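Welcome! Please take a moment to look over the sequence and the structure below, and then read on for a short tour.

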2 protein chains.
Amino acid sequence: MAKKEKAFVKDITPMEVDFPQWYTDVIKKTDMVDYSPVKGFMVIKPYGYAIWENIQSYMDKRFKDTGHKNMYFPLLIPESLLKKEAEHVEGFAPEVAWVTHGGNEKLAERLCVRPTSETIICSMYSKWLNSYRDLPYLYNQWCSVVRWEKSTRPFLRTSEFLWQEGHTLHETEEEAQAETIQMLNIYKETAEELLAIPVITGRKSEKEKFAGAQATYTMEALMHDGKALQAGTSHNLGQHFTKAFDITFLGRNGEMQHPYHTSWGVSTRLIGGIIMVHGDNRGLVLPPRVAPTQVIIIPIAQHKEGVLDKAYELKKALGEDIRIEIDDSENNSPGWKFNEWEMKGVPIRIEIGPRDIENNQVMIFRRDTLEKQAVPMEGLKETVTKLLDDIHYNMLEKARRYRDEKTYYVENFEDFKKKQEEKPGFAKAMWCGDRACEERIKAETGATIRCIPFEQEDLGNKCHFCGKEAKHMVYVARAY
Amino acid sequence: MAKKEKAFVKDITPMEVDFPQWYTDVIKKTDMVDYSPVKGFMVIKPYGYAIWENIQSYMDKRFKDTGHKNMYFPLLIPESLLKKEAEHVEGFAPEVAWVTHGGNEKLAERLCVRPTSETIICSMYSKWLNSYRDLPYLYNQWCSVVRWEKSTRPFLRTSEFLWQEGHTLHETEEEAQAETIQMLNIYKETAEELLAIPVITGRKSEKEKFAGAQATYTMEALMHDGKALQAGTSHNLGQHFTKAFDITFLGRNGEMQHPYHTSWGVSTRLIGGIIMVHGDNRGLVLPPRVAPTQVIIIPIAQHKEGVLDKAYELKKALGEDIRIEIDDSENNSPGWKFNEWEMKGVPIRIEIGPRDIENNQVMIFRRDTLEKQAVPMEGLKETVTKLLDDIHYNMLEKARRYRDEKTYYVENFEDFKKKQEEKPGFAKAMWCGDRACEERIKAETGATIRCIPFEQEDLGNKCHFCGKEAKHMVYVARAY
């Protein structure tokens, strides 16, 4: 790969100037999403939705390969059910939408639009479960949920979003813990192998865990602006809900007991992560494995004899296993098309014109490195297939380098504050484990403890924030 | 195929005794669905949901092959939007669920949970559409909708159901009409080629059309009890909504104009249709192309050496393109398993025991005809693949014969009433086209005009119900 092309962008605010505006420009100009008439609710347009479909298709297969099946539970949950688990209702009640009328009648009991489905699912599990022979319960649901958010941003935080929520029951605590970690690992592999997003995995602090969980595990990614994104969570719910909902089974020992419980979810938020990890000032840079269009063919001098024919021939030859399109619109010049499809983040552009045909070659431009070079027509399918893989791993490595550059150690609280201002990113530090200390970090800096990573580093025996005895090494950052 | 097996069923009410109870027994005992804590809302369990996934996967491909893309629009619709198209709000307002509070705050405007999405989608289309060059708009959405029903039955009529809704815009009336019919034809092919359900297609009367449509087209199937099921509809919406929502585009003639509009949908109701068209007194009979499990292998004397190994070897050999499972549970006898999987409607059962292995054969039982015969191990994959196809077409033909037997001509209104009592089914008759006559039919018999079929038969020039001049030949039946 050789010649670099000159950057040219219209109408996208550079990310160095105003990162939130850059994000808004990108999602709007690439036609991924739009604001709806209901505040905080988004419309996911075809170019955004197709990414979600690719994520779904990959994850659904992973879930099924690990023995999970899909179900569908009701959208509406009676208030009395939501209230059964004390911490859970405290966490979610302030942000649910309430249905009070059905048709022309006032309901005897309010129903909330599901913010998550633990309660309704547990009420059914308590009806179904009989014996240890029925376990494990390994179920998942793809649906939308509603959480009444005050301040929203498409994909990252919206009052409605699409997600999957897994809900499993197990005979023993060990099995539940193993499931919780298995699903977190599948999330991590999805992030890295599908989305080319490197993630840190670990446990949430007590303060940051899911409402009603015994322990929440998370994967955290770092965005271009140095803010963290919680990209997926997996909860070991212990027996909190199974006791509250009186879910019991006849154990091997002949006694009735409560099963152990997990839940885990990722959402359309991942799309926001893709944009903010890989995007640049030209627009989107899509990881090849989820890109709705992996290859765009742009005919040059398309009115000349043979050009369009050759372009369609190429599409046919490549199209069986590769998501490929031709832009043969007559109203726009090739230059305009180059910009348009670069903005849309298509991983590979193939240019083909009369001279290329003569030379039995095409020009290939890769979006991740902005490099362009001539490639022989012969063996093109192999070249493109391999290049898509190369682009994936290059993007993953680039994102990892970028994250590592923005990850640093701190001396003490003052040093942390200074570095967060100068160079936002992941701070690695020791922490005492106290909630008061954690709350002070947030109050004074806006940053939160993102996770207690599985890969602990020994950075001393004192909490870097309060000086007390340290319990864990943690990642701290401002977050979406 | 030879020897017929003796029928043996426990706990399923025979359909001749009580058809609604038969239906309820079947869906409960086969674990397809359960009632939720919210009246009228169902939980779709894995065995039911897997059928929906197979329907989705087939239809989604058909939609995409005809140029449609998926989007996602908000779940909640402001009351003011719902009210913009007069007939539409009149039709839907009485059956919507209203969200009045978000978090702890009362909303300034009530939001309804979408009963269908024409209004919110049109509000977005009016923002997006500019020029004839943008047309056609070919979009679809997979989601759940809520309609507050007084009397419900799982799959057939529930307050929440899963569906797809297509929403398209076109430059001309002809194109919109062509789209409406194209999608109805895809529905018909889905019914026949995927679900083995024969359907009558035609137009709905003015009284029965969708609230806000110019014309509604439908496919109608006949259930075992002689009642009709509206299994999918496709609406030509003309300019009703595009005018109400002020959707305009710059036409080829340089003038602003309103596009033509269609919408079309099928739902989880199709699963109810599968049950009631194909089921028998042993339980489900699933069409092979949507059956979650197409082949169940039951080892005989599974503790004997080599039996389980051979069963797993078979599964592996067949499993790549066939949805296949082994029931090797130790707690149940082969006889119990036979009954269980027959009840669950699995199209093919393979029995394999020591004697079969010795003879290099397996026993194959087909659910549709209840026939069993020995089949050589050699070439088993081809045998099974072909048999699955045979079963599909046999089920389709059987359902067609059954429907035709329950389809009849009538002499006059009295004759119609008599025949509807004696032999419920599709009555073919001439109709005057008057709403008053249609309402009288419904008031006196509970039957409705299901459709004005595309395939008109000339049955005279007098309305069979009121004696006035006839306009159309129609199908009349009681319906779900």
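Helices (H or I, at least four residues) and strands (E, at least two) are DSSP runs, numbered from the N terminus. This is a predicted model, in which local features need pLDDT of at least 70, side-chain atom pairs count only at pLDDT 80 or more, and totals for chains, interfaces and linings use all residues. Residues are numbered from 1 along each chain as its sequence is written, chains are lettered from A and ligands numbered from 1 in the order in which they are written, and side-chain values use heavy atoms, with hydrogens and water left out.

## An annotated span

In chain A, the span of residues 46–287 is 33% helix and 31% strand, and its end C-alpha atoms lie 17 Å apart. An unreviewed UniProt entry lists these residues as "domain: Aminoacyl-transfer RNA synthetases class-II family profile"; such annotations may be inferred rather than shown by experiment, feature names are shortened, and positions are given in the numbering used here.

## Two copies

## A sheet built from both chains

Which strands make up the open sheet of 6 strands? Its order is E4(A)-E6(A)-E5(A)-E5(B)-E6(B)-E4(B), with antiparallel pairing (two strands pair if DSSP finds at least two bridges between them). E4 (76–78) of chain A and E4 (76–78) of chain B stand at the edges with a single partner strand each, so one side of each is left without a neighbour in the sheet.

In chain B, E4(B) and E6 (residues 105–113) are joined by 3 bridges. Leu76(B) has Val113(B) in E6(B) as its bridge partner.

## The sheet of 11 strands

Chain A also holds an open sheet of 11 strands with mixed pairing, in the order E3-E7-E8-E14-E11-E10-E9-E22-E23-E21-E20. E3 (69–70) and E20 (407–409) are at its edges, each with a single partner strand, so one side of each is left without a neighbour in the sheet.

Within chain A, E11 (residues 228–238) and E14 (residues 260–267) pair in the antiparallel sense over 5 bridges. Here Thr233(A) stands opposite Gly265(A) in E14(A).
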